[in-house]
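Trainee: I would like to learn how to read a protein model step by step, beginning with the overall fold and then going on to single residues. Could we look at one together?

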Amino acid sequence: VILRLENHRVPGTYMFAINATDDAGKVSRPSNVARVNFHDGSPVVLDADPHLVHGHGKNDLPFEEKIRRIVKDERIVQRFTALIEKNKKIVRDAENNVMEKRLKEKMGRRGTSVDRIMEKIKTDEVLRAIYKSKLL
């Protein structure tokens with residue numbers, strides 16, 4: 001792919017999304033971002049890792065370790081992890097409520113069978129994943 005940009009003489013890395021048009025005139029969805037380096041006239045780089053393009057180090061550490069590197073105070077790290085756990089619990093409860101509502105809609109208003117299924121969903125992660133894929 002060759003792109004000619006007029007009036008773009010500033011050296012840098014520009015980012016583009018490319019659309020393709022077929023013979024019938026149907027336009028495709030935008031592609032993944034393509035990066036063009038104008039620093040040295042190098043060719044188009046498709047699906048490049050931004051860490052490679054910009055020269056930043058990649059940090060694959062867990063979130064808790066990233067915070068620990070930035071902030072040396074362990075209390076702040078514990079507050080962040082507590083906040084993360086609280087948010088996970090809120091999301092899980094919301095998912096449970098939606099699954100219970102949809103189960104009641106599908107199975108009728110019989111409370112005992114829905115309650116039994118919901119107790120199994122809350123305790124067993126495998127069943128939770130199955131019901132979550134079906135109901136959400």
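Trainee: In what order do the elements of the chain run from the N terminus on?

Mentor: Keep in mind that this is a predicted model. The secondary structure of the chain comes to five helices and three strands. Reading from the N terminus, the order of these elements is β-β-β-α-α-α-α-α.

Trainee: What percentage of the residues of the chain count as buried?

Mentor: A residue is called buried when its relative accessible area is under 20%. The chain has 136 residues, and the share of them that counts as buried is 15%.

Trainee: Is Ile-121 buried or exposed?

Mentor: Ile-121 has its place in helix α4, which covers residues 111-123. Leaving aside neighbours within four places in sequence, Ile-121 is in contact with Arg-92, Asn-96, Met-99, Leu-103, Arg-128 and Tyr-131. Because its relative accessibility is 0%, Ile-121 counts as buried.

Trainee: How far apart in space are Ile-121 and Asn-96, C-alpha to C-alpha?

Mentor: Asn-96 is one of the residues in contact with Ile-121. Along the sequence the two are 25 residues apart, while in space their C-alpha atoms are separated by 8.3 Å.

Trainee: At the end of the chain, what is the C-alpha separation of Leu-136 and Met-99?

Mentor: Leu-136 has its place in the segment after α5, and with a relative accessible area of 42% it is partly exposed. Its contacts beyond four places in sequence are Glu-95, Val-98, Met-99, Arg-102 and Tyr-131. Although Leu-136 and Met-99 are 37 residues apart along the chain, their C-alpha atoms are separated by 6.9 Å.

Trainee: Which residues make the nonpolar surface patch of about 280 Å²?

Mentor: A residue can belong to a patch only with over 30% relative accessible area. Phe-80, which lies in helix α3, has a relative accessible area of 35% and is therefore partly exposed. The patch of about 280 Å² is made by Phe-63, Phe-80 and Leu-83.

Trainee: Which element gives the largest share of the positive patch?

Mentor: The patch of positive charge on the surface gathers Lys-101, Arg-102, Lys-106 and Lys-134. Lys-106 counts as exposed because its relative accessibility is 62%, and this residue lies in helix α3. The largest share of the positive patch, three residues, comes from α3.

Trainee: Which residue meets Glu-125 in a salt bridge?

Mentor: Side chains of opposite charge can pair when their charged atoms come close. The side chain of Glu-125 takes part in a salt bridge with an N to O distance of 2.9 Å, and its partner is Arg-92. This pair links distant parts of the chain, 33 residues apart, with Glu-125 in helix α5 and Arg-92 in helix α3.

Trainee: Which residues do salt bridges that share partners join into one network?

Mentor: Salt bridges that share partners make one network, whose members are Glu-64, Glu-65, Arg-68 and Glu-74.

Trainee: How far apart are the closest N and O atoms of Arg-68 and Glu-74?

Mentor: Arg-68 is partly exposed, with a relative accessible area of 26%, and Glu-74 counts as partly exposed at 34% relative accessibility. The two form a salt bridge, and their closest N and O atoms are apart by 2.8 Å.

Definitions and conventions:
Residues numbered from 1 in each chain as written. Predicted model: local features only at pLDDT ≥ 70, side-chain atom pairs only at ≥ 80, totals over all residues. Heavy atoms only, no water. Helix = DSSP H or I, 4+ residues; strand = E, 2+ residues; numbered from the N terminus. Buried < 20%, exposed > 50% of the residue type's maximum accessible area, 1.4 Å probe, protein only. Patch = residues over 30% accessible without salt bridge, like charges linked within 9 Å, V, L, I, M, F, W, Y side chains within 5 Å. Areas by Shrake-Rupley, 256 points an atom, 1.4 Å probe, with all protein chains shown as cover. Salt bridge = Lys/Arg side-chain N within 4 Å of Asp/Glu carboxyl O. Lys, Arg positive; Asp, Glu negative; His and termini not counted. Charge placed at Lys NZ, Arg CZ, Asp CG, Glu CD. Contact = heavy atoms within 4.5 Å.
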